[in-house]
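Have the sequence and the 3D view open as you read.

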Amino acid sequence: MSNELKFQLWVDADALPNVLREIILRASDRFLLSVTFVANQHLNIPRSTRISTLQVAQGADVADQMIVDKMSAQDIVVTQDIPLAAQVIAKGGIAIHPRGEIFTESNVKARLHLRDFMDTLRGAGVQTGGPAPMNERDKREFANALEQTIRQQLRKTQH
């Protein structure tokens, strides 16, 4: 049995809260997991044999499309982008929100509808506010969801 994992972690890094980078890097070290941070700007992330960054051109959804194009069915993707999460799930991957929610086929559809509804409200001039700032509980939820998902993928892919 080789030490090389049959899946990797992709990070939609343009909107990733900085406090989560350390959690992701620690998980990479603990599980010897390859991680690729994808963004349309330069990222100051320590590179290693397992950690890489991929800078894409500016533009809406360019990073998202790169992730979908390069990911494999067993891969894990960290994103708060609902359409990207839907594409990841459709391709057989697992998507995790930075606040720890693991997207599923059913909850991502509900989130897409809610997102479209909120866009309609904003288009009509309604102030919908933004997400609350990241707190300690959110970080803990994310760390737990990431750990649980990596362990599940390890069990699935080692057989």
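## Helix α5, end to end

How many residues does helix α5 have, and how far does α5 reach from its first C-alpha to its last? In this predicted model, α5 runs over residues 136-157, so to speak a stretch of 22 residues, and spans 32 Å, close to the 32 Å expected at 1.5 Å a residue.

Which residues of α5 are buried? They are Asp-138, Phe-142, Ala-145, Leu-146, Thr-149, Ile-150, Gln-153, Leu-154 and Thr-157. These residues lie on the same side of α5 because they take up an arc of only 165 degrees around the axis. An α-helix makes a turn every 3.6 residues, so residues three or four places apart point the same way.

That buried set packs against β1 (9-12), α1 (19-31), β4 (76-78) and β5 (94-96). Turn to the face pointing away from the buried side and you'll find Glu-136, Arg-137, Arg-140 and Arg-155, which are exposed.

## Ile-51 in strand β3

Now for the strand: Ile-51 belongs to β3, residues 51-55. Is Ile-51 buried or exposed? Ile-51 counts as buried because its relative accessibility is 6%, and the cut-off for buried is under 20%.

Setting aside neighbours within four places in sequence, Ile-51 touches Leu-25, Ser-28, Val-35, Phe-37, Ile-45 and Pro-46. As for Ala-90, 39 residues away along the chain, its C-alpha is 25 Å from that of Ile-51.

Key. Residues numbered from 1 in each chain as written. Predicted model: local features only at pLDDT ≥ 70, side-chain atom pairs only at ≥ 80, totals over all residues. Heavy atoms only, no water. Helix = DSSP H or I, 4+ residues; strand = E, 2+ residues; numbered from the N terminus. Expected span 1.5 Å × (residues − 1). Buried < 20%, exposed > 50% of the residue type's maximum accessible area, 1.4 Å probe, protein only. Arc of directions from axis to C-beta. Contact = heavy atoms within 4.5 Å.
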